[in-house]
Amino acid sequence: MTAIHRDVAAARAGREPRVLARLASGWAVFGAQQFVRGYLLLLPDPVVPQLNSLEGVARVQFLADMARLGDALLAVTAAARINYAIFGNVEPALHAHVIPRYLDEPADLIKANPWAYDWSAAPRFEPGGDGDLARAIRAR
């Protein structure tokens with residue numbers, strides 16, 4: 001069982017505090033480490049191994065939900081752009097990273113991929129502290 005399976009099970013049970021919303025394709029959750037404000041993940045429900053495991057409407061819905069999260073982040077934050085990433089190398093289950101990028105990021109990181117950040121030093125998601133952002137994204 002992957003972390004994605006565990007997070008989806010916790011979201012279904014109402015025990016995952018990082019849940020932003022239930023979408024048609026799965027769960028939008030805040031990243032545990034907020035290395036940039038508003039970093040989100042889209043977790044499919046049900047969990048599948050990779051994007052190519054989804055067919056037809058399910059695949060289109062997952063990608064549309066991923067883009068909708070990016071649209072909401074652009075609308076409610078000062079993000080200049082959104083980075084999207086689907087890997088599955090570390091956690092071999094489909095999940096999409098939705099990463100707002102800001103013009104005020106450190107000069108050595110602004111053009112780097114998000115994995116250049118020191119994630120271990122990043123602030124952890126705090127449900128109370130990030131509540132305003134969550135409400136604004138949900139409203140979009």
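All views show a predicted model.

**View A. Lining of the second largest pocket.** Sorted by class, 6 of the lining residues are nonpolar and 4 are charged, with no polar residue present.

**View B. Lining of the largest pocket.** The volume of the largest pocket is about 380 Å³. Its lining consists of 19 residues, and those nearest the pocket centre are Tyr39, Leu41, Glu91, His95 and His97. Helix 1 (3-12) and strand 3 (40-44) each provide at least two lining residues; helix 1 gives the most, with 3 residues. The lining is made up of 10 nonpolar, 6 polar and 3 charged residues.

**View C. Surroundings of histidine 97.** Histidine 97, one of the residues nearest the centre of the largest pocket, belongs to strand 5 (residues 96-101). Its relative accessibility is 9%, and histidine 97 therefore counts as buried, the cut-off being under 20%. A polar contact of 2.6 Å joins the side chain of histidine 97 to the side chain of tyrosine 39. Tyr39 likewise lies among the residues nearest the centre of the largest pocket. With residues up to four places away in sequence left out, histidine 97 touches Tyr39, Leu40, Leu41, Asn83, Tyr84, Ala85 and Trp115.

**View D. Buried side of helix 1.** Ile4, Asp7, Val8, Ala10 and Ala11 are the buried residues of helix 1. They lie on the same side of helix 1 because they cover an arc of only 160° around the axis. In general, an α-helix has 3.6 residues a turn, so residues three or four places apart point the same way. The buried residues of helix 1 pack against strand 1, strand 2 (26-30) and strand 3.

View E. The N-terminal end of helix 1 is capped by threonine 2, which has a side-chain oxygen 3.2 Å from the backbone nitrogen of isoleucine 4. Isoleucine 4 is also one of the buried residues of helix 1. Glycine 14 follows helix 1 and has a positive phi, near 75°.

Methods:
Residues are numbered from 1 along each chain as its sequence is written. This is a predicted model: local features need pLDDT of at least 70, side-chain atom pairs count only at pLDDT 80 or more; totals for chains, interfaces and linings use all residues. Side-chain values use heavy atoms; hydrogens and water are left out. On a 1 Å grid over the protein atoms alone, a cavity is a set of points where a 1.4 Å probe fits but cannot get out, and a pocket is an open set with protein on both sides within 12 Å along at least five of seven lines; lining residues have an atom within 4 Å of a point. Grid points are joined across faces, edges and corners, and a volume is the space filled by probe spheres set on the points. Helices (H or I, at least four residues) and strands (E, at least two) are DSSP runs, numbered from the N terminus. Ala, Val, Leu, Ile, Met, Phe, Trp, Tyr, Cys and Pro count as nonpolar, Asp, Glu, Lys and Arg as charged, and the others, Gly among them, as polar. Buried means under 20% relative accessible area, exposed over 50%, partly exposed in between (1.4 Å probe, protein chains only). A polar contact is a pair of N or O atoms within 3.5 Å; within protein, one must be able to donate a hydrogen and the other to accept it, and residues adjacent in sequence count only if both atoms are side-chain atoms. Contact means heavy atoms within 4.5 Å. The arc is that of the directions from the helix axis to the C-beta atoms.
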